[in-house]
Each structure stands twice: as structure tokens, then as C-alpha cells.
Amino acid sequence: MADEFGATLKVVGNRVVTDPESEDIVRGRLRFPNDHPMAGKLFAKLLGSPYAHAKITNIDTSAAEALPGVKAVITYKDNTFWSSTILFWGQEVAAVAAVDEYTAERATDLIKVTYEQLPFVIYPEEAMQAGAPIAGAYPTKNLPDAPSRQTRGDVTQGFKDAEITVESNSGWARTISMNTIEGCSGMAWWVGDHVYGYDQNQAPTSNRNSNAALLKVAQSKCHFIARTGGGGFGGGGQSHEPVTCALLAKKAGAPVTIQRMRRYQSPPRRNQTGPKLNMKLGFKKDGTMTAWQFSEWCWGGYNAGSGGSNAWENLDSTFKCANLLAEEWGVNTNTGLGENYRCLLHPESAQMQDWAFLKAAKVLNMNPLTLMRKCYITEDPNEPNQDPGTTPVAMSSQGMRKAMEKAATVIGYEAKYHEPGAGTPRTDGRKHGIGIHAHNDRHGTTSTGRGLNINMNADGTCHFNTGQSRVQDAASYLSAIIAETLGLKWDAVNCGVWGDPSVASDGGSQAGSAGATSNGGAAQEAAIDVKNQLFTQAVTMAPFSTLTPKPTIADLDASDGNIFLKSDPTKITTHAAVMAKIAKPIMGSGKSRANIIRRPQGNWPIGTTAVHRTGVAAAYEVAVDTETGEVEILNWVHVCDAGRVINASVCDGQIASAQSHQIGKAFLWELKHDPQTGVLLTQNLLDDKLATQMDCNPTMNSYGTTGTNAIFLETVNSSGPFGMNGIGEPCAPSCYCALTNAINNALGTEIYERPITPYRILKALGKI
Amino acid sequence: MSEEEKKDKNTGEMSRRQFLKDAGLVIGGVTVGSLAFMDACGGGTTSTVTNTLTKTATSTVTQTATAITTVTSPPITVTSPPITTTVTGAAVGSVTLNVNGDTYIVDTEAYWPLSYVLRHVMGFTGTKVGCDRGECGTCTVIIGGKAVLACCIPVAEAQGLAITTIEGLAKGATLHKVQQTFLDMQTFQCGYCTPGQIMSAVALLTEIPKPTLAQAQEGMSGNLCYCGDYTRILNAVMKAAA
């Protein structure tokens, strides 16, 4: 009875479905890369550069090699991924493998490196100035010749047509390093000219390929498995720890494992690209938007490239405007490489747009929600925000406005809104603030190239094998999708292999929020493949083989481990019975499919290529103490058009996770360097502050309960399996923006520096 | 050589039996219970242990000898079963640890953190390490009913104390109530911090069986979760206490 469009779903949407590996997790048996036991395993430690910009002129590893217990030392000369040119503090210079971690660490102290120090620049505003030290890839400057540019219409004419123009310009947001708890780890060993190992990343196949190239081995001889992904959040796309381990293992003739020291966790490739933004909007007096101009400079580390966050793509799909200009510059500095954090729609970018909207609403004497209703895209599938003169393309999920209205209603936005800073003081003297945000998020897009295989077992159960690493909650939603499609009970489906490119290749980064839709799509396709093979065998067996007319596979259906005739469910057999009789394997394979809408909507039939979006909104109420600068969250609501909720528990967790991260982003996270030395100061989890249990809202009532803090719209028209959308990342900017909009509303003044500390609040109020 | 050992040799992969042998490589002395565990898995003879001990002692003997004599260990308050098997050859640089009710004599440097010894010497890899400096709570174990950060305890100071790791919470097939609640409520995403969260919750509920929400928040505040699953974690703690 597994209906593609959710008529009578047995497994999908069922809160009972749990991660099949749950017991391993709570027993501590889920193995991460350096948990794997192996005889004679050695432990590696890295030596990082103490300078932000330098040239290595000499390196002497003899003392390290002579230390008892040391088995191998490698340097930048051995590892083609490393270099004698140092571009940031902490850049890898050498590594040691020894019989234990502490011998390896002592040995790194014995490596003598001679550096020729070079002028460095840490902050992007300095890097952009004439005469600044050249930090990275460009020979004569720290900016590209031209920005990444997107245009539509004529933005100059749009501003000429405007009756009001508003601007919002941010400072630099130096927010977060991807300081995940598990750190970067890996393991490798050699058998002949084959290299084996454990990796940890969000893109097992592409990492295997790049690591094979670095090791100069054929991909067929490179057996790196990224079974566990840990938390990625945008920083898990690359991992070269297995390369370090493999090079050491080859020298030592023994397996080598590594877990980066915390201080070397964040510098390489683990910082969010820090943006500085200018947002300029033009409106008619009736609120019609005539022009949208977005400029972003991205603090991208030593090789920022030409672009930034691609934030314009999400912003652009939120509102209606014929004239658009988006420009993004990457700025090179002597810091670790920047990466997208958790969402292509940088929360900071969305916030600047919101603040420009709030300014416009004030000038136009409108409630901000009224202006949003005027400018944001509608439910009409014929009116997604398309380029004029081009063929319109459907948008596969259009729950954004529904989410916005729901959030506004739940929080009471229209009634409670007041001019910024003009709210009636609360009885305790604190200032009240309220904020709302909505956008269409491109995350969750179903992309092609994900691979997944299913093997039916003789007893009617099955295993799936995937090139995806085991990241957040993936096991439960993949199991649910496969069980629903195959007509099995949910616990009859289990994962055989995670993250092994040799079993099921994967076309690229699974990118967190795209995992459910993309790999889920591959899972559904593989399950359909298996079901067709199973039914083909079933129709040749009793009770179907003796029926007249002889049924075809289209006449069969499956549910709860039974296969039966649709027209007469008493004619029934089981998956197990079919498998036992054929006594041969059934294997199915699937790839993720392109963005095809799966329910008719408006003028768009099933099968239409669609732009995939997740519509989200959030609203927050805060109280700000103007004497201490403390902020309390009084009330909040998140609304997400997740499409079909495959696993409600997973969706709950993603909302809570988004909120936790954005509380950190708003109030805690700040990447700091010593401007005198270039040393990263926020090296550890004490200085690089994460939100704790004490910082987070202790209650959340959500899907399936009586509360209203987290609400999921189930607009089942998207391109994901069973009409699902991506979730997780879309909720991050909505939380950040609604929360900071509320603080802005309370104070009546924008705070452009992040994080919003009590000091910065008091400074904005003129009290410091 | 068994088929399993042949597979290990050819592929480099680790079998369960080989894992247990490797545990024997670095565990200087084992209890009857531990030997029985190895026997039950089809391997782990006394000769295996002795042979591998020699390898270990060779590489650590000099430094360990110096380090171990300078350690002032706390009074031994072992209440676990007595050691019934002591294997000679690893006396230099060995400490006695009581983990999950079993007693082990372990070859180690005295200053090595308990977390490292548990994970990489003894094979209790359920204890994860995040920051390695007492900031994240991921390595939490329970000693004397209290949550303790295993990355901050030199192993010599853990001698004689009753140490419980995540592997020691369940009674056979029956999960500890906190483990079962975390499972039932799917209180994890990537799962890396989960063992530490569970150990802190167990210690909290041992000290305060019916905590208020604020007490539970404070009690769990030493355990970071980068996935940000705090709400579900708190809900699970409160449900386990109910």
C-alpha cells in the first residue's frame, strides 16, 4: 500500500521508526575512524606552522626520527598536498607516526624548521587596501579581477524607477570555525600497492578520488571508507587525514591513525567564509520592489576564489523583482580556507536583506509583514521569480508564504509589532522586541549522481549499501524510504555498508540537507528496481501463477512483508517466501533523480522539471535588558515546509539543531586571530564558544505533540521521495534573522558586529 | 592460521577475534573474566598474551620505569573482584585499573590520560575524545558515581578506582535506563558525543534522581553537542528521571 503520493503510508512519517544503529550508538559501539583496532597500529601527530605567512628554508627531522618509539616522519616534501610556502598559521608542515600519541607529539617538538617570515595580513579590510601583503593565490592583490556577478533586468533603471531607496551595510562577520567535536580523523594501511583506510567526510567518493590522486594510486586500489561522517555543517567536504596516515604507514610499514589536535582542527579548511554585505533596495510607494542590489565580500582565507556564499540564489527566489544585480568578491587573507557554513544562504546575507526591508517598511509606513506580503513570491506556480522573457520553470515547493503567515499568526506578529525601539517597556523594565523572517531555501535540492544498492536476503529482509557516509539520522530516513517502497516492515531494512565508494559510488558532496532528498531518491529508485524483480518472480508462483487471467507485476502490491493481489488481497504471499523459492539473489540499484515535481500543481503536470525550494519562516520575541545587555528569548516559532515528513524525530532534531547553532552564531561565535602574530586565538572549544545546554531553550514542542514551537507544513509537491524536502540548513538563517530582527526591534538600532554580546548592545545604546 | 586470520592478513581488515588478540597485546594482566571473554570468542590464550606483552615492554620499558616511580597514586579502594591472573613481564610501567567491574594491569605511561588508555590501550573506544583538554565532556566516564573527564585524569591517578565506561552501563542485553531512553527518543544525530552525554546523565540522575529542568540543564551543560541536539538530550534526561 505504499502510495507514491502518501495515500496510506505505513512507515514514512511514523515516529516509531528508529535508526537501526541506535543501540550501537548508545552502547558506544559506533566506530569513528580512529576507533578501529588493528594490530601494531601507530599514532600520528601533526606539526603546524607557527607563522601565518612564511617560506620554509630548511627542515631537520633527524632528532624526531631518533626518538625511541618513532616509526616514521613525513614533511611537506613527502606530501604533495602540503607546501614549503606557508599561507596561514597552523598549516601542516610535517607529521610523525609513533607507537603512541604522546611519543608522536614529543617528536613533533624535535623537528627543527627554519622559516623565512613574510609579511602577512589577517583581516580582509586590510587585505583589500592598496599595498597590503599578498596573502594567497593572486600574484599582485588579494581580490579577483572581477566578482562573481549575477544580473537580471536593468538594476540602474530599477533604482531610477524607485520612489524610495534603502541600504543596509554590515561589518565583517567573523563567526565560526567548523570545530566539530569529533575533529578530523583518519586511518590508513597498505597491502602491497593497495591502500586501505577509514576516512570521515561528507563526500566519500570525491574524497577517495582526490586522495588517490595525492597518493598516486589508482582509484581501484584506494579503499578509503568514510563510514561515519560526524557533523559536517559545510566543513566536512574535504578530508586529507587518510593521505597523511597513508604516507606515514608506507614509511613505517604499519597502520597509522590520526586525530587532529584541537588546535590544528580549525585552521585548515575549517572556517566559515566571513561576509561583509551591502544591500540596496528600491521600492515604489505602494511597496512594489523595483531594484535589488547585493554586494558581498567574503573573507575566504588564503584561497578565497572569486565568489562567496551564493546567497543571492536563495534571496532571489524569495521575492519578486525584475531588476537584480548580485556581486560577490572573495578576499584572500593569511587564514585558513573559508567554506560555506550550513547554508548557501548566509544568515548574515539574509539578515541584511531583512534589515533593508525593515527600513523600507518604516519609510513606507507599513507593517513589515505587509511589505513582505507585497514583495515575496506567491503560491502561484506560474509566478516563481523567473527571468523576464525566459520560459517559466515550476517551483517544486511553495510553502514559504504559508510558513510566513503561520509564523506570524502563532507569534502574533502584526498585533505585537512596534516601531524599532518604541515598544512599551515591560514591567521589569526590559525592552520588548519582535522579529520575523521567511525565505525559500535551495537546500534539499535533489541532485543526480548519488548511488545506492539494495540486496534482498533469502529471508525477505534486505540490506542497503550506500556511498553516503553515515551522517545525521541518515539511517532512519533511508530505511523508511526503502521499507515503504518495498512494502517491508521498517526493521526489515538495514544498512550493510556506509560510505564505501567501491560498493556504491556517490557523485559529490552529500551536503547534509541534500542527503535525504538525493540519497533518499537513490534509495527509492533502488527499492523500485528490487520490487519489480521480486514481483516478476512472484507472479510465477502460487497463489498468483494459477489465477486466470494471469496477473502481471502491475497487479501486485506489497505491505508489511506481504505481497498480494491488489484486486483480491486474500491472494497473498510474502517477500520471504518468494526469496526462498527463487534461491538466488535480487539486487537493485538506484541513482538520485533530477528535480521533477511529483504532484500536479497549477499548470504543472507530474514530471515537470522544477526549481526545488524549502520554504521556511521563523518568528522570535525577546526581552533586552538595557542595563546589562542581556537578551532573553521569550517566545519563538519555526515553520518549515519540509514536504512529506519521513521521520518526525529527525525533523524535530534538525529544528533544534538549527536553533542551537544560530543562538551560537548570534551571541557566541567569533573567530579571533592575534593581529600581531597571525595566530588563531580561538583554537579550542573554550575560546571558540559553542552553545551549551544552558544557552538553549529547554522546551520544544513540535510535530506530533500539542505545542507550537516547531511546525512542519507538509506540502507534498516536491521532488524528493514521497514529496519530501530538505530540512536542517533552511531553518538556520530563518532562526538567525528572526532572532536578530527581534533584537533590532527592541533596541531601535542595528548592531552590525557579531556576535551580539552584552558589550556590543550597551555600546549600541551609547552606554559604553 | 585460521580462515579469519588469513582474511585479516590479506585484507588488513580487523576481525572480532583479532580485535580481542590486539587487546591482549597491550593488557598486561587480565582477570579470569577477561580471559573467559576471549576464550568465548574462540581465541586469546595465555601464550598469546605473554608473547605480545614482550613486544610492548620492549618499547616502553625505560621511560615507563622512571615515570611510574614518580607517581603518587591515591589510596586504593578497589571493591571489584581480586586479580586472579597476573602475567609477568610488564611490571615496569603497569597500572592496575578497575573498569566495568573487571581488574586489569595495563602497560602505560603514568601520565597518559585515562581516556587514551581506555581507548587505545584497552580498546574501550566507546569513550570518545573531542577536545582532549576538559572542555567538551565527550570523554566522560563515571568514577565513584561522579562524572569525570577521562582526558584530564592521568591514568596513574585512576588506579584502584571503580571506573565505569559506556560499555559497562548495560547489563548484558538490557540497556541502562538512560541508554534505553536515548534510544527510544532518538537522542542523537552523528552520535559522537552521545556516550559522554549518556554518562553525564547517568551521573546526574545518580546524584539527583528527580532533577528540575534547570538542574538537568546545569548537570548536562558540560557536554557539548556540535549537532546542537540539546533539546532532545534534555528531554531524554527528564524522561529517564520520570
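Colleague: What kind of model is it, and how are things numbered?

Modeller: This is a predicted model, in which local features need pLDDT of at least 70 and side-chain atom pairs count only at pLDDT 80 or more, while totals for chains, interfaces and linings use all residues, and side-chain values use heavy atoms, with hydrogens and water left out. Residues are numbered from 1 along each chain as its sequence is written, with chains lettered from A and ligands numbered from 1 in the order in which they are written.

Colleague: What does the secondary structure of chain B come to?

Modeller: Chain B has 9 helices and 6 strands, these being DSSP runs numbered from the N terminus (H or I of at least four residues for helices, E of at least two for strands).

Colleague: And how much of chain B is buried?

Modeller: Of its 242 residues, 57% count as buried (under 20% relative accessible area, with exposed meaning over 50% and partly exposed in between, using a 1.4 Å probe and protein chains only). Among the contacts in chain B with a separation of 6 or more, 61% come from residues 24 or more positions apart, contact meaning heavy atoms within 4.5 Å.

Colleague: How do α6(B) and α9(B) pack?

Modeller: Helix α6 (residues 177-184) of chain B packs on helix α9 (residues 230-241) of chain B at an angle of about 135 degrees, with the axes 9 Å apart; the axes are lines fitted to C-alpha atoms, for helices over the stretch in contact, and angles run from 0 to 180 degrees between N-to-C directions. That angle is why α6(B) is oblique to α9(B), a word for whatever is left once angles under 35 degrees count as roughly parallel, over 145 as roughly antiparallel and 65 to 115 as roughly perpendicular.

Colleague: Which residues make that contact?

Modeller: B:Lys177, B:Val178, B:Thr181 and B:Phe182 come from α6(B), and B:Ile233, B:Ala236, B:Lys239 and B:Ala240 from α9(B). They divide into 5 nonpolar, 1 polar and 2 charged, where Ala, Val, Leu, Ile, Met, Phe, Trp, Tyr, Cys and Pro count as nonpolar, Asp, Glu, Lys and Arg as charged, and the others, Gly among them, as polar.

Colleague: Over to chain A, then. How does α16(A) cross α17(A)?

Modeller: The axes of helix α16 (residues 648-667) of chain A and α17(A) come within 8 Å and cross at roughly 45 degrees, which means that α16(A) is oblique to α17(A). The crossing is right-handed, that is, the near helix is turned clockwise from the far one by less than a right angle, anticlockwise being left-handed. By class, the contact of α16(A) with α17(A) has 10 nonpolar, 3 polar and 1 charged residues.

Colleague: At what angle does α9(A) cross α17(A)?

Modeller: Helix α9 (residues 347-363) of chain A crosses helix α17 (residues 731-747) of chain A at roughly 40 degrees, their axes coming within 9 Å. α9(A) also passes α17(A) in a right-handed crossing. Residues making the contact include A:Trp355 and A:Leu358 of α9(A) and A:Tyr736 and A:Cys737 of α17(A).

Colleague: Where are the cis peptide bonds?

Modeller: One joins A:Ala542 and A:Pro543, with omega about 5 degrees, and A:Pro543 sits in the loop between α14 (513-538) and β23 of chain A. Another joins A:Arg754 and A:Pro755, with omega about 0 degrees, in which A:Pro755 belongs to the loop between α17 and α18 (758-764) of chain A.

Colleague: Last one: is A:Lys45 buried or exposed?

Modeller: Buried, at 4% relative accessibility, in strand β1 (residues 42-48) of chain A.
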